[in-house]
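Colleague: I have the model open and would like to go through a few contacts with you. Can you take my questions as they come?

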Amino acid sequence: MYAFDLARPADLASAVTSLQTEGAQALSGGQTLIPVLKQRLSQPSVLVDLSGIDSMKGIRRAGEFLIIGGGTTHGTVAGSAEVASAIPAIASLASKIGDPQVRNRGTIGGSVANNDPAACYPSAVIALGATVETNKREIAAEDFFQGLYTTSLEEGEIVTAVKFPIPVAATYQKFEQPASRFSLTSVFLAKMGDGSVRVGVTGAGADGVFRHAGLEAALSADFSAAAVDGVAVDAGMMSNDLHATPEYRAHLVKVMTKRAIAALS
Amino acid sequence: MPKDGGIGASVVRREDTRFLKGKGRYTDDMNRPGQTYAYILRSSLAHATLNNIDTAAASAAPGVIRVFTGADITAAELGGVPCGWQITDKHGEPMKEPAHPILAVGKVRHVGDPIAVVVAETYDEARDAAELIDIDMTDLAAVVDMRTAETSGNQVHEEAPDNVCYDWELGDKEGTDAAFANAHHVTTLEFINNRLVANPMEPRCAIGEYDENDDNYTLYTTSQNPHVIRLLMGAFVLSIPEHKLRVYAPDVGGGFGSKIYHYAEEAFVTWASKEIRRPIKWTADRSEAFISDAHGRDHVTKAELALDAEGKFLGLRADTYANMGAYLSTFAPCVPTWLHATLLAGQYTTPMVHARVRAMFTNTVPVDAYRGAGRPEATYLLERIINKAAQEMGLDQAEIRRRNFIRTFPYDTPVALQYDTGDYDATLNAVMETADYAGFEARRAESASRGKLRGIGLSCYIEACGIAPSALVGALGARAGLYEAATIRVNPTGSVSVMTGAHSHGQGHETTFAQVVSDALGIPADQIDIIHGDTDKIPFGMGTYGSRSLAVGGSAIVKAVDKVVAKGKKIAAHLLEAAESDIIFEDGQYKVAGTDKAKAFAEVSLAAYVPHNYPIDEIEPGLEETAFYDPKNFTYPAGSYLCEVEVDPETGKVEIVAMTASDDFGNIVNPMIVEGQVHGGLAQGIGQALLENCAYDEHGQLVSGSFMDYAMPLAVDLPNFVVETVEGTPCTHNPLGVKGCGEAGAIGSPPALINAVVDAIKGYGIDHIDMPATPLNVWTAIQNASAKQAAE
């Protein structure tokens, strides 16, 4: 990697100040950024390490919401009794990310801010209609994710927390890419309090994470595997690589959705 | 029962103490006074002419000592990287052997081909400066697919028309054709043996150091065979005589074949350390390893098997394209020929075999031996086509093999080998019993009730290990002998230092070899040290590969021990005032037969070094003996593997439910280490069959150039292995009766696994699937077969 300065702010205000430096880059768990730096694909002047900001860590329930601090590691989420009782699907999702080393460093804030098209968390954020909280504002999930590795975060804006509405039931069905073990095609399915069913898909979309309107409409009317069979999933919107064709990904969307239904039935 | 710590005991590996504590001493752990760092600028294009390399800005960058290009290598008149084996083609002509320059001259021929080296005070300065090198290249069309390399119209090397390195054949072509003419049934199978990246835990590293005072060079390197590197590099590349060149390979973090070969980086740091009069270290990172370590396998084959009505094999034909990559790596030409075609009889009495192998140059990383080296390719070919034949003829996969087993030994195969011994029924019976072959259909039904397709696959492998009789391999084109050397130095108070040419980089030699010596000398293993890896300490050595260390290196140790004991008997006879012919050596004691008179091993050792009362007129003082052992034949480990899988028809994902291995390794020195070796081999074999795929695009770019896309087997992918060794048939021609176990798992498991997958999905009319059986590949095969069935 290229040389850089390292800032380790203890509070959010200091972090925001540090990020105003030309070429500054926020660092959370570093599970994406550090490999990128090692390959010299990025050359920040200052890395602003957010891991010392205690206010960004932790998990709490507030009424009908589960709020997870942006600096909370996957390992903490996976092992949290609060998460397990409020939205066990999120604990399960976190437990399937990477390996123990990754889970002990990687954070939810880093994951959603990076918006890797194969990351796990974004599917839960959009399926549950969560709100992404930053040092400046609250952003609805639908507005937050803007395509591959792109979000509505502004320069220097920090994800401080993600606020999840607590569903009636939810499940995350992950199908792994054989090499990276990221999502090849995974589905986060939630039954909400208003009776609607929401389906977030990650790993598959050519433009990153998405909700599938057809599946949601069909399952909101008839929560069954048969309802999935009647829905067309368009391969044209799926990505293509060494590990999966668009057709295979489109097929897996339906398979994983059916498995989600089975898990909740 | 084995003696404590002797042959047959599962002694815990002594080397693991340092490895488990993170105290291993690897090449990159070493730092020499005044050391500098090399960064290698490599080609990002697969095939291009090098018009100009402007190094002015890089040379002036901070910390830079010197920038080297191919022009410097040419000016110094260094040799190219040599090849250790020459194949003679079917017309009697030598293979095409184009030059392999240390740094590219005129052209680059694969992504990763080294273009320039920056040597600087720090690694980061070297890397920063390399970004300032301006290279003017003209992109050329790349030769990537070996099947079309002959007709592509593009030339990797001018010296190799149509990109053919050699077109070679083995076996009786007319006889084989006649066998096919009389066949009741012919099975045909076209398949690929996928390309692999070895990926040892430790990337390669080399430090070159020139000592002006003595005009000596030292190369510290990640090698499986330091003497071979000294020989090849000293004699063929740098013209440094052996006495001025030390090659030291300390702890090496895995090799799997990829660290056998002499690499350009080793020659560069050694040579350039004299140019700049300072030591130079180069360490690969993982991305660099992907494009600079020799790759493995990469065959495309059409095979045909002729059978009679009872399923007896009448003849086998194999027509193989083997990818050599852009240059010939050290052993590359012999892998698809003498290590592959010679194994095509397998465990069977097939009377006629004919193999044709075309080795092709392509604009890809050089391909060479990888765990198993040719023998996995042969086993996969045979064991897949046999299952396809069984499927076509309605025969049970075990029964068809039984009808064809070799049962009389020694056995001369139609492809140049003589098997000394074996018992193939024993391993087949054992694996079928252990894995409950008979109960499989009930398990298949149970899986079906859960929506899973269960399959069972058998593979019966044989390999030729204990490489190799020197005269034989010399006749076949090897440019070196393949014996092994050992020195037993008995120290004055009776402890023993063993110097072996067989390098250990995961195999556990420090434990196993000590067991052999402990057993032979009757002294505790903690009195014995095993020393390897340093050409200044070891008389000579051909190194570790081809499951040869114990069979060849261990035999050299036994021969040297025999010499020590023979000399000890003369000393003991003198001390005991008895005739030498009356002295017997057992349990660490020299005894006068039929009496209670005895001298301990250590007493005799002391007398050899303090020869006050000594037969000085007959023998010299001291007790140190060296032996070279040249094997009389290969050894032939063999076994049977059964794999059971469940396929998820909705996703195509294959889960291995069971993998059972039954091996005949002859005598076994350390059962625990043998089991560990089989476990490691199984993991790599399963990796090949299920996960690993080194893929290039049509421009010669490596698509799977990192662990994000190159799938390595993880513990979660593997079942609990069941590994057993039968009471084997000891090798008849080496003193330990051992055969070798390092590669078996990687040889036996891929066809067992693919046979199981095909068995699981045969209901769709599928009779083959290429490796790796990824979810995408299995799902696609099911989709295509279903569409075909629907159309019919």
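Colleague: How many residues of domain 1 of chain B are in contact with domain 3 of chain B?

Modeller: This is a predicted model. In it, 18 residues of domain 1 of chain B are in contact with 21 residues of domain 3 of chain B.

Colleague: Where are the bounds of the domains in chain B?

Modeller: The domain assignment of chain B puts domain 1 at 16-22 + 483-629. Domain 2 is 31-140 + 201-254 + 259-292, and domain 3 is 295-467 + 633-791.

Colleague: What separates the centres of domain 1 and domain 3 of chain B?

Modeller: Taken over C-alpha atoms, the centres of domain 1 of chain B and domain 3 of chain B are 40 Å apart.

Colleague: And what area do domain 1 and domain 3 of chain B bury between them?

Modeller: About 1,400 Å², with 63% of that on carbon and sulfur atoms. On the side of domain 1 of chain B, the residues that lose the most area to domain 3 are B:Gly546, B:Ser547 and B:Ala551, together 33% of what that side buries.

Colleague: How many salt bridges are there across the interface of domain 1 and domain 3 of chain B?

Modeller: Zero salt bridges are found across that interface of chain B. There are six residue pairs in polar contact between domain 1 and domain 3 of chain B, counting pairs with both residues at pLDDT 80 or more.

Colleague: Which helices supply the side of domain 1 of chain B that touches domain 3?

Modeller: Helix 14 (509-521) and helix 15 (549-576) of chain B each supply at least two residues of that side. Helix 15 of chain B gives the largest share, six residues. By class, the side of domain 1 of chain B that touches domain 3 has seven nonpolar, ten polar and one charged residues.

Colleague: Switching to the two chains. How many residues does the contact take from chain A and from chain B?

Modeller: It takes 23 residues from chain A and 25 residues from chain B. The area buried between chain A and chain B is about 1,900 Å², and carbon and sulfur atoms give 55% of it.

Colleague: Which three residues supply more than any other three of the area that chain A buries against chain B?

Modeller: A:Arg40, A:Arg181 and A:Leu242, with 32% of that area. A:Arg40 also forms a salt bridge with B:Glu131, where the closest N and O atoms are 3.0 Å apart. Across the interface of chain A and chain B there are five salt bridges.

Colleague: And how many residue pairs in polar contact across the interface of chain A and chain B?

Modeller: 13 residue pairs, both residues at pLDDT 80 or more. Helix 12 (residues 246-264) of chain A gives the largest share of the side of chain A that touches chain B, seven residues. The residues of that side divide into twelve nonpolar, six polar and five charged.

Colleague: Now a single residue. Is B:Asn363 buried or exposed?

Modeller: B:Asn363 counts as buried because its relative accessibility is 0%, and the cut-off for buried is under 20%. B:Asn363 lies in the loop between strand 15 (352-361) and helix 9 (375-393) of chain B.

Colleague: With what does the side chain of B:Asn363 make a polar contact?

Modeller: With the side chain of B:His47, at 3.3 Å. Leaving aside neighbours within four places in sequence, B:Asn363 is in contact with residues including B:His47, B:Arg109, B:His110 and B:Gly700.

Note on methods
Residues numbered from 1 in each chain as written. Chains lettered and ligands numbered in written order. Predicted model: local features only at pLDDT ≥ 70, side-chain atom pairs only at ≥ 80, totals over all residues. Heavy atoms only, no water. Domains from an automatic or database assignment. Contact = heavy atoms within 4.5 Å. Buried area = accessible area lost by both parts, 1.4 Å probe. Salt bridge = Lys/Arg side-chain N within 4 Å of Asp/Glu carboxyl O. Polar contact = N/O pair within 3.5 Å; in protein donor to acceptor, adjacent residues only side chain to side chain. Helix = DSSP H or I, 4+ residues; strand = E, 2+ residues; numbered from the N terminus. Nonpolar A, V, L, I, M, F, W, Y, C, P; charged D, E, K, R; others polar. Buried < 20%, exposed > 50% of the residue type's maximum accessible area, 1.4 Å probe, protein only.
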